[in-house]
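Welcome! Have a look at the model below, then let us walk through some of its details together.

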Amino acid sequence: MTENNNRILVTRSSMPTLDEYVEEIRELWDSHWLTNMGKKHNQLAEELKKYLGVPGLELLVNGHAALEFTIQSFDFAPGSEVITTPFTFASTVHSIVRNNLTPVFCDIDPDTYCLNADQVEALITDKTVAILPVHVYGHVCEVYKLKEIAERHGLKLIYDAAHTFGEKVDGKGIGSFGDASIFSFHATKVYNTIEGGCVCFSDEELGKKVYFLKDFGIVDEENITGVGANGKMNEFAAAMGLCNLRHLKEEIDKRRKVIRRYRKNLGGVKGIKLGPDYENGSVKGMDVEFNYAYFPVVFTDEFGAGRDQVFAKLAENNIGARKYFYPLINELKCYEDMGWSAKEQTPVAYDISMRVLTLPLFADLALDDVDRICEIILSTDNHLE
Ligand SMILES: *Cc1c(COP(=O)(O)O)cnc(C)c1O
């Protein structure tokens, strides 16, 4: 157990032992091959393909680059519309806008907080080219409904799967749904390569296009046929990935214990709404092997304190929760000229963004600390006083 005055951050990066990492990078001192699709890079790509259960995979320098290059690979006409969610990290929408496309916001499901599949069709116009849902917090979008809608309207389906590393839906790797799915291996994610990411796909041509974009559009030494960029993962990052992959099962088992404890302490409390419990059978008709990525808590009016009060009380006690995702993307300063209105366009997302808090969660979070965090939260409920 950590001392009461110790600071608890919302997350803590998983790392192998120093010895294990040193062993993994030792051969780089012999080869002097540090980047440009080296041995570690290629080995990691193969191992991840198997682990994720996907037909094709391309590694990238980070999850954002994976998403931005993937969207670029489809060559959509400038100004085309992409239906997405405002309840996500800025990267999702930035990657649409940076490709000169127009995001169109769809509201979220009140239980999973993912894009509400039943509201997508009403937003489709003759300019729509793609749907870009996010499996937010590791919760799973309605993949079958979305596939049916995308196919019927001839739209591409690109998943931001940054939160769902290693998850399975009805026994299939979650990265195998849609035309493409991107993962993030950022230091704060369930699985990390320090910085890193990948795109998963079944169409090999898409993989080749992303490869060109991540390597300046180079075909060979004398032929550069595309205006690419640099999105390559280096050997030190890939080595970190190889090490962390060996311990992932153990890490996820530990996270599961933390979440079970949170659920035991907070489940059934009036005014506290937890995310879907994937251990308790199928959710929206899907059996999900969850990765325990985040633990979002929503405070309804029945709770005796608002989200911001709970946040402040935790901060007073040196506990770092996060207002994730607040503000919504359709409320960000950088988009204020767009004339978007989160309250009107996406009222459910707006409401959740005002009430949600993600609690500290990482593999080595002590269960005693989980108890203490929950006690502090419950003590803010002034109905109890
Ligand atoms: C982390 C994250 C990204 C970006 O990934 P990076 O590896 O940090 O570039 C994109 N989308 C979502 C939902 C994320 O959480």
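## A question to begin

Does E20 count as buried or exposed? E20 counts as buried, because its relative accessibility is 18% (buried means under 20% relative accessible area, exposed over 50%, and partly exposed in between, with a 1.4 Å probe and protein chains only).

Before going on, please keep in mind that this is a predicted model, in which local features need pLDDT of at least 70 and side-chain atom pairs count only at pLDDT 80 or more, while totals for chains, interfaces and linings use all residues. Residues are numbered from 1 along each chain as its sequence is written, and side-chain values use heavy atoms, with hydrogens and water left out.

## Salt bridges across the chain

The side chain of E20 meets that of R246 in a salt bridge, 2.7 Å from N to O (a salt bridge is a side-chain nitrogen of Lys or Arg within 4 Å of a carboxyl oxygen of Asp or Glu). This pair links distant parts of the chain: E20 sits in helix α1 (residues 18–25) and R246 in helix α8 (residues 235–246), 226 residues apart. Helices (H or I, at least four residues) and strands (E, at least two) are DSSP runs, numbered from the N terminus.

The structure holds 28 salt bridges. Another one of them joins E58 and K214 at 2.8 Å, N to O. E58 lies in strand β1 (residues 56–60) and K214 in helix α7 (residues 204–214), so this pair ties together parts that are 156 residues apart in sequence. Both E58 and K214 are buried. K254 also forms a salt bridge, with D364, and their closest N and O atoms are 2.8 Å apart. Here K254 belongs to helix α9 (residues 248–266), and D364 to the loop between β15 (356–358) and α13 (367–379), 110 residues away. K254 counts as partly exposed at 29% relative accessibility, and D364 is partly exposed at 45%.

## Around the ligand

Which residues come nearest to the ligand? Of the 15 residues around the ligand, these are G63, D160, H163, S184 and K189 (a residue is near a molecule or strand if one of its heavy atoms lies within 4 Å of it). A side-chain N or O atom of D160 is 2.7 Å from a nitrogen atom of the ligand. On the oxygen side, a ligand oxygen is 2.7 Å from an N or O atom in the side chain of S184, and a ligand oxygen is 3.2 Å from one in the side chain of K189.

Taken alone, the ligand exposes 380 Å², and the protein buries 93% of that (accessible areas come from the Shrake-Rupley method with a 1.4 Å probe; for residues, only the protein chains shown count as cover).

## A buried arginine

R307 lies in helix α10 (residues 307–316). With a relative accessible area of 3%, R307 is buried. Its side chain reaches the backbone oxygen of S353 at 2.9 Å, and the R307 side chain also reaches the backbone oxygen of M354, at 3.3 Å.

How values were computed
Polar contact = N/O pair within 3.5 Å; in protein donor to acceptor, adjacent residues only side chain to side chain.
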